[in-house]
2 protein chains.
Amino acid sequence: MSREGKRKGKEAILMPPRVAGNGLLDRRAFLTGIAKAAGVVTVAGLSSDILATAQAIETPSPAVPPWMKVPGKPFRGYGSPSKYEDQVKRTIFQPYKELAPGAGASMTPLHQLHGTITPSGLHFERHHNGVPDIDPSQHQLLIHGLVKRPLMFSVEALHRYPTMSRVYFLECSGNSFPNAAAEPPQMSCGAIHGLVSCSEWTGVPAALLLEEAGIDPKGKWVIAEAADAAAMNRSIPLEKMLDDAMIALYQNGEHLRPEQGYPVRLLLPGWEGNASVKWLRRLEVTEGPAYSREETSKYTDLMPDGKARQFTFVMGVKSVITHPSAGLHMQGPGFYEISGLAWSGSGRITRVEVSADSGKSWAEAALQEPVLSKSLVRFRIPWEWNGGPALLQSRAADDKGHVQGTRALWTAQYSTGNVYHYNAIQTWRVSPEGEITNVYL
Amino acid sequence: MSREGKRKGKEAILMPPRVAGNGLLDRRAFLTGIAKAAGVVTVAGLSSDILATAQAIETPSPAVPPWMKVPGKPFRGYGSPSKYEDQVKRTIFQPYKELAPGAGASMTPLHQLHGTITPSGLHFERHHNGVPDIDPSQHQLLIHGLVKRPLMFSVEALHRYPTMSRVYFLECSGNSFPNAAAEPPQMSCGAIHGLVSCSEWTGVPAALLLEEAGIDPKGKWVIAEAADAAAMNRSIPLEKMLDDAMIALYQNGEHLRPEQGYPVRLLLPGWEGNASVKWLRRLEVTEGPAYSREETSKYTDLMPDGKARQFTFVMGVKSVITHPSAGLHMQGPGFYEISGLAWSGSGRITRVEVSADSGKSWAEAALQEPVLSKSLVRFRIPWEWNGGPALLQSRAADDKGHVQGTRALWTAQYSTGNVYHYNAIQTWRVSPEGEITNVYL
């Protein structure tokens, strides 16, 4: 495909540099101000190359559409998305639908979203016995165990405390489990990787409440218990509770949604979602862990020697290309923006590289500022698809030196059947027909 | 009120420094890590002082609530808030309800929210003839006028372009207009100041599309027109369009909500909301402004000499305390966190000061990081209310040297009747009975 002169009367233009195989272009190409300052390319040149998607017209007189001819709808107390977007929904996974409809998960449709914040209505869910219908005027949080003075907090009392707000991702330990199967599942990016979401959380530092109760020097762990019908509980090292743990009350500005723990949840930044106990009703300071169901028979990692590794809280460095991704369709050769999300439970993402030739060559993607610790980061790189086959991959690195590895490296770490902490590089195959599928490399 | 020894057996503790009159405490007091590192105060000391709101208990055995005894609700494709929060709604203002139900506004309930992101369902609305019901497969954006090649973009085509994501506030030029009245209105903080909201917006740099069309050197302005039944339009200086203007497609991760311009809107960071034309269907490059209805008879500022000032796009530096605020009730003397929002259309907030004694003394509030340009910023400062009368105020400053002024200074700038660009200091009066009211100072 010729990259110049495809439009009649077009000026001669500078083209953006190719930075890796199979059409990857310089990440700075479309950062208008930056590109100009750096003299990388002219914006005009780049824009003209995109024009394949816009329509040049001779007589610019747009027809008046029907919705300009009638008064629109009036105001609403609380809004919702357009009816034309009602296919943008979570994918629901109920493995025991008849027996236990409230056990399972629902995944964020990552491939239908953009930016980094997940709208609260599409935040992933993971419930062990459904969403409890909690009356906040009756709910209480108890802090007890190895403390000097046991304390009981009403929700109203919690709202009196000093608050903090932070943007954090939350990822289920089982996220991406479909890719642990022997054959690559043909599902959307969201259905595979959508057990991760990102919100602005506001709440009270857990340390304030624990230190108010006064921790006995023998206390080393905290058992967090939910007020759901599973009485879900997890054991958390006290050190994390006194570091950056939050007793969250608000999500994206408003009170927590029921599915994310209304009216109060624990939030452990960067750690597997299951440990951030929702509908929090009890924090018990103890000498050791509880060895509960969700940290023995579940949420443990099957190792090659047949043993299971326990208390692997921190989520690994990870990234996934959301656009283009499986199930979406290419619209013919030409310009595309490759875009996706990266995150690390250990800290800040420092670099995301993208390959269009199955990892033979890599180019650095642009990271959307501000790049926050333990938060989703949007990455982008321009791509000129030549219409041939392509294998798209992304690879993230964090400020602790972790680099996302291949699927072969990931599977070698575990025994067959492990479904937790999957963080291998995702490969999307683009066919000459423009179909996008999930492949293992 | 004694600040020590109010609990039996309590240790002697360091108390946080008072930093201004009438009970304002050091902003670093509850930043646990920071406070410790700086040696300002012990966290234990601070926490103990808060204990008035928690309940010390002798026998820590919480009752099992009813919602733990039945399976919870199953999964949903798209979530919504708890039924217990259904009073958290926008305040609807329809001045011509019978004649034109779609003309008016609805305000974000700032006093019921926390953090900085506004949930999209509670983003303020301002419509001139209702919300059009736009089919995205039929909607088009035309760029024409003084351009080399007029271009028509389908929504699908726009989604092919390079994107950017930014967190920006959006504020109606008429925000806080109730406070322009001669007597202070007794309304909630949201009903007075809630024509401001903040979202993560994702879209295409407007510069890319305009430069693709090729701007004629005679072009200096751009007329932006909406596809609503008012055909709302505004004239924008070309310079802004080529600077940081965005053709927005997503709001807080998902497609724009209908009330905020679905499927495509203009977004002019820091400028009065009216100019960020929603349901965008046309950008016409021109030599001069259109002098349309919304930039002549409306959205102009009445000056003391009887003239009206036009094209005052940039929103001023501003802040408001959201907690506590009018209509909320104090729960007796003791610890409170004073918290609010600050923003500036000119750039970054650098400082917010709070006074509890009607401006006689001021203390610096903590700003929630990251402090982003042209975005809402959450500020916080601890306060020990002694139960006496208090007059609470906040005052913001930005990185361009602007400082928020008093109401007297603001009114002196304009003629009576001006309702645009109100950005004076808000005063909340706390009575000894714990009632909070709106007062002018």
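Trainee: Why does V320(A) count as buried?

Mentor: A residue is buried if 20 or more other C-beta atoms, placed from the backbone, lie within 10 Å of its own, exposed if 12 or fewer, and partly exposed in between; V320(A) has 27 C-beta neighbours inside 10 Å and therefore counts as buried. This is a predicted model, in which local features need pLDDT of at least 70 and side-chain atom pairs count only at pLDDT 80 or more, while totals for chains, interfaces and linings use all residues. Residues are numbered from 1 along each chain as its sequence is written, and chains are lettered from A and ligands numbered from 1 in the order in which they are written.

Trainee: Which residues does V320(A) touch, not counting those up to four places away in sequence?

Mentor: Contact requires that the C-beta atoms of two residues, placed from the backbone, lie within 7 Å, and with that sequence exclusion V320(A) touches C189(A), H193(A), G340(A), L341(A), S394(A) and Q426(A). V320(A) itself lies in strand β19 (residues 318-323) of chain A, where a strand is a DSSP run of E with at least two residues, a helix is a run of H or I with at least four, and both are numbered from the N terminus.

Trainee: What makes β26 and β27 of chain A a pair, and in which sense do they run?

Mentor: Two strands pair if DSSP finds at least two bridges between them; strand β26 (residues 427-430) and β27 of chain A have 4 bridges, in the antiparallel sense, and R429(A) has T437(A) as its bridge partner in β27(A). These strands belong to an open sheet of 5 strands in chain A, ordered β22-β21-β25-β26-β27, whose edge strands, β22 (363-364) and β27 (436-439), each pair on one side only.

Trainee: Which strands of chain A and chain B pair with each other over 2 bridges?

Mentor: Strand β3 (residues 55-56) of chain A and strand β8 (residues 151-154) of chain B do so, in the antiparallel sense, and the partner of A56(A) in β8(B) is L151(B). The contact between the chains takes 109 residues from chain A and 108 residues from chain B, and helix α2 (residues 43-50) of chain B gives the most to its side, with 5 residues.
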